[in-house]
Amino acid sequence: MYCGLQNGEVMIFDIRNTKEVIESICPTNGSQKCPIVSVVSIPSPADNGNEGLLVSTLQCITYYKRDTKNKFVGDLLETPPGALSSVSYEHDRSQILASYKPNTKFPKERHVLMNLNFEEKPTVSTVSTFEGGTNQHLRSRSCLIKCPDDDNHLLVCTGDQSTNTVRIWSTKEMQQLQTWECRKEDGPIIAMGPHRAAGVNFICALTNQRLNQYKWLYSKSHFSEASNAFDINRVNRQ
């Protein structure tokens, strides 16, 4: 289990004993005081040797890999400028989705799809940029997922806080496929994530009050805009 801290450090725990830290990674790029916003594990077959971590702060993304002494060593990736809000990774395609908050230079949310290349040193190359709304009051987590009926097709799933909508983009057609509103009284969308249960695929939108679950409709090749909703406060009380 990987936990990112406010001071830029990553602590590693064994889930069988979370009272003790088994290892920690200190930042190697000079951003010691910059909080961690995302830690993503990169699994890989043992023969290609690219297994590692993508550690993202507010300012940058660093790829960490173990060296010959079994210690994590970081390579700073040259990513677009801006304030990062989340990073997602799809390992079969080796692609990164980096989401950025709006600022004075870039007045809209940006969701940047990049290829992660492993050569002499890791590098990234931008594939496309998807633009969202003009406000992000709370840090929001987007996700990059496989299309449930086509493994070669990736979907960008985001929560737009300025309009309180879910947005789904196609990385094959490079355009928005769907958008629908969530209830404004539930508060802003703070995280998106996939879920699978009993052979059914869902995309989930988490707000301060509810977890909204949207079913993938194979007959229409898109998500249902009618959600199954779970009250977060009621779950916490139970």
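**Exercise 1. The whole chain**

Among contacts in the protein chain between residues at least 6 apart in sequence, what percentage join residues at least 24 apart? Work it out, then describe the overall build of the chain.

*Solution.* Before you start, note that this is a predicted model, in which local features need pLDDT of at least 70 and side-chain atom pairs count only at pLDDT 80 or more, while totals for chains, interfaces and linings use all residues. Residues are numbered from 1 along each chain as its sequence is written, and side-chain values use heavy atoms, with hydrogens and water left out.

Step 1. Take a contact as heavy atoms within 4.5 Å. Among the contacts between residues at least 6 apart in sequence, 40% join residues at least 24 apart.

Step 2. Look at the secondary structure, where helices (H or I, at least four residues) and strands (E, at least two) are DSSP runs numbered from the N terminus.

Step 3. Sort residues by relative accessible area: buried is under 20%, exposed is over 50%, and partly exposed is in between (1.4 Å probe, protein chains only). Of the 238 residues, 45% count as buried.

**Exercise 2. Two aspartates in loops**

Find Asp 186 and Asp 67, and say which loop holds each.

*Solution.* Step 1. Asp 186 sits between β15 (175–181) and β16 (189–197). With 4% relative accessibility, Asp 186 counts as buried.

Step 1. Now follow its side chain, using polar contacts (a pair of N or O atoms within 3.5 Å; within protein, one must be able to donate a hydrogen and the other to accept it, and residues adjacent in sequence count only if both atoms are side-chain atoms). The side chain of Asp 186 makes such a contact with the side chain of Arg 210, at 2.8 Å. Neighbours within four places in sequence aside, Asp 186 touches Thr 207, Asn 208, Gln 209 and Arg 210.

Step 2. Turn to Asp 67, in the loop between β6 (61–66) and β7 (72–76). Asp 67 is partly exposed at 33% relative accessibility, and its side chain reaches the backbone nitrogen of Lys 69 at 2.9 Å.

**Exercise 3. A glutamine and its backbone partners**

Which backbone oxygen does the side chain of Gln 161 reach at 2.9 Å?

*Solution.* Step 1. Go to the loop between β13 (150–160) and β14 (165–170), where Gln 161 is found. Gln 161 is buried, with a relative accessible area of 8%.

Step 1. The oxygen you want belongs to Ile 189. A polar atom of the Gln 161 side chain also lies 2.8 Å from the backbone oxygen of Leu 138.

Step 2. Beyond four places in sequence, the contacts of Gln 161 include Asn 135, His 137, Ser 140 and Pro 188.

**Exercise 4. Positive phi**

Check the phi angles of Ser 94 and Met 174.

*Solution.* Step 1. Recall that most residues other than glycine have a negative phi.

Step 1. Ser 94 has a positive phi of about 55°. It lies in the loop between β8 (84–90) and β9 (95–100) and is buried at 16%.

Step 2. Met 174 has a phi near 55°. Met 174 lies between β14 and β15 and is partly exposed at 35%.
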